[in-house]
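Dear colleague,

Please find below the structure that I am handing over to you. My notes on helix packing and on the nonpolar cores follow it.

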Amino acid sequence: SGDLLYKVLHATGFASQPVSRSVDGGLTLKGAYVTAAVRCAPPDNKPAREEIRNCREYLERELEYLRGVRVVVALGKVAFDVYLSILRDAGSIRARGAFKFGHGREHRTAPGFPLLISSYHPSQQNTSTGRLTEPMFRQVFQKARRYLDRGFSS
């Protein structure tokens, strides 16, 4: 997952290099922050509700500390659903059901909130089956880059 993610982040100007093999490998992010809705590697890459619930508070805290976020790219339906549930529980959106997951879809959540772009997760399961290709994944981050470069505020 990370190999494709950082290759595409580099190609779209969000990372200083396409790969890093160690902590001191020199890769830095530019105008981007990578986090996870679930912080474990569950069997078959399918986290249980309990795992999602246990990890959610970490994501909530990270989101509280981030300032000036204008675009959120949710990698996979789990991340998409967790992010929207956080917005719903905070009263920022009425209902999660108003938003449909789809690769490359843009979602306007609430005034003053970042643009949400949904993407298939770059898991080996998705890339080896062709459900997600590198060009498809690059298009998601190109969309985020164009939005940021136009200077729009959410």
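This is a predicted model, in which local features need pLDDT of at least 70 and side-chain atom pairs count only at pLDDT 80 or more, while totals for chains, interfaces and linings use all residues. Residues are numbered from 1 along each chain as its sequence is written, and side-chain values use heavy atoms, with hydrogens and water left out.

Helix H2 (residues 49-65) packs against helix H3 (residues 77-89) at an angle of about 65 degrees, and their axes are 11 Å apart. H2 is therefore roughly perpendicular to H3 (angles of 65 to 115 degrees count as such). On the H2 side, Ile52, Arg56, Leu59, Glu60 and Leu63 meet Val78, Val82, Tyr83, Ser85, Ile86 and Asp89 of H3 (contact means heavy atoms within 4.5 Å). By class, seven of the residues in the contact of H2 with H3 are nonpolar, one is polar and three are charged.

The largest nonpolar core has 17 residues, of which Leu5, Leu9, Val71, Ile117, Phe137 and Phe141 touch the most other members. A core is a set of buried Ala, Val, Leu, Ile, Met, Phe, Trp, Tyr and Cys residues joined through side-chain atoms within 4.5 Å, where buried means under 20% relative accessible area (1.4 Å probe, protein chains only). Helix H1 (2-11), strand S1 (71-75), strand S3 (115-119) and helix H5 (134-149) each supply at least two residues of this core, and the largest share, five residues, comes from H5. Apart from this core lies another, of nine residues, including Val72, Ala74, Ile93 and Phe99.

With kind regards

Key:
Axes fitted to C-alpha atoms, helices over the stretch in contact; angles between N-to-C directions. Helix = DSSP H or I, 4+ residues; strand = E, 2+ residues; numbered from the N terminus. Parallel < 35°, antiparallel > 145°, perpendicular 65-115°, else oblique. Nonpolar A, V, L, I, M, F, W, Y, C, P; charged D, E, K, R; others polar. Buried < 20%, exposed > 50% of the residue type's maximum accessible area, 1.4 Å probe, protein only.
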